[in-house]
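This report describes side-chain contacts between aromatic rings and between charged groups. The structure is shown first, and the discussion follows.

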Amino acid sequence: MLSSLPSSFPRSVYRFLTPASIFSLLLLYLYLRNPNSIGHDYFQSDVRPSCDSLEGMKDLFVVLRTGASELPKKLPIHFTTTLRCVPHYAIYSDYEEDFEGHHIYNALDEVNPDIIASNPDFEYYRRLQEGGREAFAPEELAKWAAAKNTDGGRDSPGWKLDKWKFLPLAEKALKQQPDAKWYIFIESDSYILWTSLLEWLSHFSPSQPHYLGMQMQIGDIVFAYGGGGIAISNPALQKVVAQRRADLKGYDEFTTTHWAGDCVLGKALSDSGVNLLWAFPSLMGDRPGDIDFNSTFGGDDKKPWCYYAASYHHIPPAEYPKFAKFEQTWNQKNTFRLRHRDVFRFYVLPYLSSERLDWDNLSNNDQGEVDSFDDCRKICENQFDCIQYSFAGRSCKTSTALKLGRHIPESATDQVKSGWIMERVKDYPDRMDAYCGHETWILP
């Protein structure tokens with residue numbers, strides 16, 4: 001195999017190659033020549049690297065926003081993953097408490113008392129402050145946990161209350177860590193690749209007002225999506241805090257009539273003269289298994305496949321250790337940062353197969369009713385650009401976007417079975433590579 005390395009290497013170079021460097025060259029060669037030849041197990045070694053390599057972490061203040069109803073389930077894993085190497089952080093919820101040795105701050109304790117007492121959004125909050133989690137019946141908690149996301153948000157009282165946290169957290173963060181260069185706002189299901197994020201932020205001057213995040217839009221307001229992580233420089237945070245202080249009543253009224261707190265924050269930043277850098281796909285709004293790596297959400301020239309990855313969202317607690325181990329091993333064995341295409345090749349692709357039972361691969365093109373899974377597969381095979389399909393009940397769906405998707409419990413109303421046209425999946429990485437030039441980060 002070494003004889004296949006580029007012949008342009010002078011012999012003097014080979015004399016100085018150590019076994020480790022030969023292995024690194026071989027790995028890079030295999031990656032470029034045949035990315036599927038490196039097994040998934042390669043990225044599952046037991047590693048726990050030192051935090052010392054994360055230069056610049058001391059310049060960040062990380063604010064993790066959560067809620068009392070989800071905290072016991074979602075927060076613990078962050079202490080050994082997301083927050084393990086973060087020296088300066090705070091956890092904010094809608095209920096102050098100590099949890100597993102960590103203090104959880106109340107994000108809403110300085111909201112106008114008249115709003116807390118009378119606004120319907122705060123009915124849940126009032127019960128929570130009076131009786132803690134025990135104030136709610138198990139049936140209520142189960143109903144809220146099962147609430148689905150809609151175009152107007154999620155139908156649960158904790159989610160409706162969440163919009164009130166964003167602007168107060170901006171002020172609390174500035175007050176708690178006034179000298180931080182960057183403020184990173186994340187949620188309890190955000191995953192941040194710190195090595196990548198720090199490298200990305202190094203391209204910006206923290207002495208200038210910056211507001212970075214995955215772009216979303218409601219009406220005429222363009223804002224950073226909270227789940228993908230929001231990075232705000234110190235000068236920008238000072239501006240938005242001053243903007244809110246100058247019109248507390250106005251922003252409270254706007255929050256009352258709105259449904260998305262990250263949009264409220266984005267409006268206040270825009271009002272203060274700080275515009276958003278549209279950061280997709282450096283920052284992402286989905287988990288790796290749900291992503292269309294060929295998405296044109298950011299424009300035809302900003303396909304996720306080609307860019308470095310700095311965040312993901314909607315990661316379930318059980319997936320954090322697995323993805324953290326994957327990221328840590330990659331950083332230990334490579335000097336170049338993870339791109340989304342690397343995540344696909346080595347984290348997503350090994351789990352794709354011709355069919356998976358109790359699995360939804362998020363195919364979304366309805367093909368009507370068919371008699372069997374095989375009939376659905378044939379429909380997909382007869383469409384030249386179809387790469388995957390799913391069958392539930394008698395419903396067949398196909399898709400031109402390649403996604404892994406997620407497990408569906410056996411208790412679900414309809415059993416879901418998913419399939420992929422593996423001959424087309426095999427060609428997918430090379431086809432996607434052809435789109436890429438020298439993309440790295442989303443920059444101004």
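With which residue does Arg 245 form a salt bridge? The partner of Arg 245 is Glu 171, with the closest N and O atoms 2.9 Å apart. A salt bridge here is a side-chain nitrogen of Lys or Arg within 4 Å of a carboxyl oxygen of Asp or Glu.

The model is predicted: local features need pLDDT of at least 70 and side-chain atom pairs count only at pLDDT 80 or more, while totals for chains, interfaces and linings use all residues. Residues are numbered from 1 along each chain as its sequence is written, and side-chain values use heavy atoms, with hydrogens and water left out.

**Salt bridges**

The count of salt bridges comes to 27. Glu 171 also meets Arg 244. Glu 171 lies in helix α8 (residues 166-176) and Arg 244 in helix α10 (residues 234-246), so this pair ties together parts 73 residues apart in sequence; helices (H or I, at least four residues) and strands (E, at least two) are DSSP runs, numbered from the N terminus. Arg 245 is exposed, with a relative accessible area of 52%, whereas Arg 244 is buried at 11% and Glu 171 counts as buried at 16%. Buried means under 20% relative accessible area, exposed over 50%, and partly exposed in between (1.4 Å probe, protein chains only).

| Salt bridge | N to O distance |
|---|---|
| Lys 74 and Glu 70 | 3.5 Å |
| Glu 171 and Arg 244 | 3.3 Å |
| Arg 245 and Glu 171 | 2.9 Å |

Elsewhere, Arg 65, Asp 94, Asp 162, Lys 165 and Glu 187 are linked in a network of salt bridges.

**Aromatic rings**

The whole structure holds 25 aromatic pairs. Rings of Phe, Tyr and Trp (its six-membered ring) pair if their centres lie within 6.5 Å; planes under 30 degrees apart count as stacked, over 60 as edge-to-face and the rest as tilted. One of these pairs, Phe 61 with Tyr 183, is edge-to-face, at 6.3 Å centre to centre and 80 degrees between the planes. Because Phe 61 lies in strand β1 (residues 60-65) and Tyr 183 in strand β7 (residues 182-187), the pair ties together parts 122 residues apart in sequence. Phe 61 counts as buried at 2% relative accessibility, and Tyr 183 counts as buried at 0%.
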